[in-house]
Amino acid sequence: MTLEGQRALVTGGGRGIGRAIAGALTETGARVGILGRDEATLRDAVAAGAAADFAVCDVRDAASVAAALGRLSGGHGFDIAVANAGAVETGPFLRSDAERFRRMVEINLIGTVNLFHAALPAMLERRRGRLIAIASTAGHRGYPYVSAYTAAKHAVIGLVKSLALETARSGVTVNAVCPGYADTDMAAASIDNVAAKTGKSRDDALAALLRDNPQGRLVAPAEVAAAVLYLCGASSDAVTGQSLMINGGEF
Ligand code: NDP
């Protein structure tokens, strides 16, 4: 697949799933910009060839996101925008106060909204574009002790479904990619958390997390990136408002 001549933007592109997505898009010939909070991580990703350029930016800040997109695209806009930046906090519902829910909504939902607001106008002008949200299997089903994250990811899916209807005749598709537990810092923190709370070994904690995954394994970031590439190509022109589940068959 070639995306030669296209500009792509990936939030949280310095590490984890975002870095795999940025690297895969770069390999297709797209010019990729990445956003994140940590300059050293972003610099490292660019030095490793995963992206062409970066901007230090907190996706919760709409003005910073808009300014970063303007600078990274040279004012031309992006053909592809991937809202990947996200974070998870765990805890029982009764210890998950409104502030935790706000934090989860701010990073996972509002971060996505800010990117889509900044990227969509240029796409509408060109009558072509790809908006992709990295949501989660937690955007489709419930999990105990992660209610705030799960609620925020369900909201991301609602956004994708609604915006896809608004843009259906404009050449812009809007989709979600929903990984199961994937092999990144985020899943490692969840494994450590389960191990600490239950006294289980890391291997047993991992097995507990993967209990509902029929394949019984972590998803590789490259597998999530492959789904993103599919959604960026011309062969997915008719695919919009969808969630591509990359989760070993978990429901
Ligand atoms: P990581 O924790 O490994 O990476 C998170 C990325 O998001 C980092 O690049 C981080 O950059 C960036 N980020 C976090 N907060 C902000 C912010 N406020 N502004 C800008 N960037 C931010 O997570 P993963 O790679 O695992 O996750 C990527 C996406 O996939 C997330 O949306 C996550 O919810 C989703 N997902 C992950 C799963 C998993 O098991 N790993 C499963 C299902 C979904 P930095 O810290 O440098 O700012």
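Biologist: Which residues of α6 are exposed?

Modeller: This is a predicted model. The buried residues of α6 are Ala187, Ile191 and Val194. On the other side of the helix, the exposed ones are Asp185, Asp192, Ala196 and Lys197.

Biologist: Why do the buried residues of α6 line one face of the helix?

Modeller: An α-helix has 3.6 residues a turn, so residues three or four places apart point the same way. In α6 the buried residues are Ala187, Ile191 and Val194. Viewed down the axis of α6, they line one face because their directions fall within an arc of 65°.

Biologist: How far apart are the end C-alpha atoms of α6?

Modeller: The helix has 14 residues, and at 1.5 Å a residue it should span 20 Å. The model agrees with this, as the end C-alpha atoms of α6 are apart by 20 Å.

Biologist: Which elements give two or more residues to the shell around the ligand?

Modeller: The ligand is surrounded by 29 residues, with Gly12, Gly16, Arg37, Gly86 and Thr184 the closest. By class, twelve are nonpolar, eleven polar and six charged. The elements that give two or more residues to this shell are α1, β2 and α6.

Definitions and conventions:
Residues numbered from 1 in each chain as written. Predicted model: local features only at pLDDT ≥ 70, side-chain atom pairs only at ≥ 80, totals over all residues. Near = placed C-beta within 6 Å. Helix = DSSP H or I, 4+ residues; strand = E, 2+ residues; numbered from the N terminus. Nonpolar A, V, L, I, M, F, W, Y, C, P; charged D, E, K, R; others polar. Expected span 1.5 Å × (residues − 1). Buried ≥ 20, exposed ≤ 12 C-beta atoms within 10 Å, placed from the backbone. Arc of directions from axis to C-beta.
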